[in-house]
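Here is a friendly note to keep beside you while you turn the model on screen. Please follow the points in order.

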Amino acid sequence: MNLSDSWTAGQHQIVRVSAAEAVFKAVRDAIEGGQLAVGSKLSSETALAQRYGVSRSVVREALRSCTALGLTATQTGKGTFVIANRAPGDLVLGQFSARSLMEARPHIEVPAAELAATRRTEEQLEQMRGIIEDMAGEDDPEIWVSLDGSFHAAIATASGNGVFERVVHDIRGAMVNQSETLNLITGRRLKSDHEHRLILDAIARGNSGEAGRAMAVHLNAVDAALTLIIGDTDA
């Protein structure tokens with residue numbers, strides 16, 4: 001092995017980040033580092049897009065995650081303002097906190113997946129397969145998280161339990177916001193694709209126990225990613 005080979009072997013793998021992730025990190029670092037003080041107003045989406053050389057949709061995605069972390073808040077007609085220089089310990093997801101969402105989801109979605117394995121119709125199974133295939137080939141993060149919500153909603157519908165279907169419908173918006181934020185900050189998208197496919201495979205085989213376990217594994221992984229961001233609130 002020559003010197004260049006030994007140097008190469010010691011280097012860390014370069015992780016590719018999305019444009020939205022890069023913008024989010026830049027804004028978050030500026031807030032936490034004090035360059036953007038609490039109370040200050042962020043530049044407009046257009047100005048930020050020009051500054052970072054990205055589209056306004058990329059900026060909006062990054063700013064949504066700043067808001068979810070509780071670092072910024074948008075006032076209609078006035079703009080986006082810094083409201084904290086550190087994440088307060090939970091994510092803000094519309095009507096629900098991320099921690100409340102994660103405490104509830106296993107009690108809803110694990111049994112829903114178990115029931116879906118034995119009650120789903122062929123039409124429902126094909127719908128879920130189509131969603132998974134669309135997610136695997138989707139590059140737009142906003143479309144991907146919408147499909148993510150559709151997949152979980154489809155499982156609840158396939159469970160044949162109207163209560164599970166209604167509850168998942170009611171929390172779907174918060175689930176989508178959570179998925180978007182976790183993907184942006186922790187890069188969970190490819191892992192989620194794999195976990196979703198395992199859930200679908202178990203449902204397709206009609207294996208109730210495996211479907212429930214696969215859903216539990218997925219939700220545990222989401223919870224672990226959440227804990228990396230906000231810490232363990234039970235500690």
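1. By class, the second largest pocket is lined by 2 nonpolar, 6 polar and 5 charged residues; here Ala, Val, Leu, Ile, Met, Phe, Trp, Tyr, Cys and Pro count as nonpolar, Asp, Glu, Lys and Arg as charged, and the others, Gly among them, as polar. This is a predicted model, in which local features need pLDDT of at least 70 and side-chain atom pairs count only at pLDDT 80 or more, while totals for chains, interfaces and linings use all residues. Residues are numbered from 1 along each chain as its sequence is written, and side-chain values use heavy atoms, with hydrogens and water left out.

2. Staying with that pocket, its space comes to about 210 Å³. Of its 13 lining residues, Glu-45, Leu-63, Thr-74, Gly-79 and Thr-80 lie nearest the centre. Helix 4 gives the largest share of the lining, 4 residues, and strand 2 (79–82) joins helix 4 in supplying at least two residues each. On terms: on a 1 Å grid over the protein atoms alone, a pocket is an open set of points with protein on both sides within 12 Å along at least five of seven lines, a cavity is a set where a 1.4 Å probe fits but cannot get out, and lining residues have an atom within 4 Å of a point. Grid points are joined across faces, edges and corners, and a volume is the space filled by probe spheres set on the points. Helices (H or I, at least four residues) and strands (E, at least two) are DSSP runs, numbered from the N terminus.

3. Helix 4 (residues 56–68) also packs on helix 2 (residues 19–32), their axes coming within 8 Å and crossing at roughly 50°. Axes are lines fitted to C-alpha atoms, for helices over the stretch in contact, and angles run from 0 to 180 degrees between N-to-C directions. Helix 2 and helix 4 are therefore oblique to each other; angles under 35 degrees count as roughly parallel, over 145 as roughly antiparallel, 65 to 115 as roughly perpendicular and the rest as oblique. In helix 2, Ala-19, Ala-20, Val-23, Phe-24 and Val-27 meet Val-58, Glu-61, Ala-62, Ser-65 and Cys-66 of helix 4, where contact means heavy atoms within 4.5 Å. This contact has 8 nonpolar residues, 1 polar and 1 charged.

4. Arg-105, Glu-109, Ala-112, Ala-113, Leu-115, Ala-116 and Arg-119 of helix 5 meet His-152, Ile-155, Ala-156 and Ala-158 of helix 7. In this contact, 7 residues are nonpolar, 1 is polar and 3 are charged.

5. Helix 5 (residues 98–119) has a further partner in helix 10 (residues 208–230), at an angle of about 165° and with the axes 7 Å apart. That makes helix 5 roughly antiparallel to helix 10. The contact includes Arg-105, Glu-109 and Ala-113 of helix 5 and Met-215, Leu-219 and Val-222 of helix 10. It has 13 nonpolar, 4 polar and 5 charged residues.

6. Last, look at Ala-136 in helix 6 (residues 122–136). Leaving aside neighbours within four places in sequence, Ala-136 is in contact with Asp-193 and Arg-197. Ala-136 and His-194 are 58 residues apart in sequence, yet 9.3 Å apart in space, C-alpha to C-alpha.
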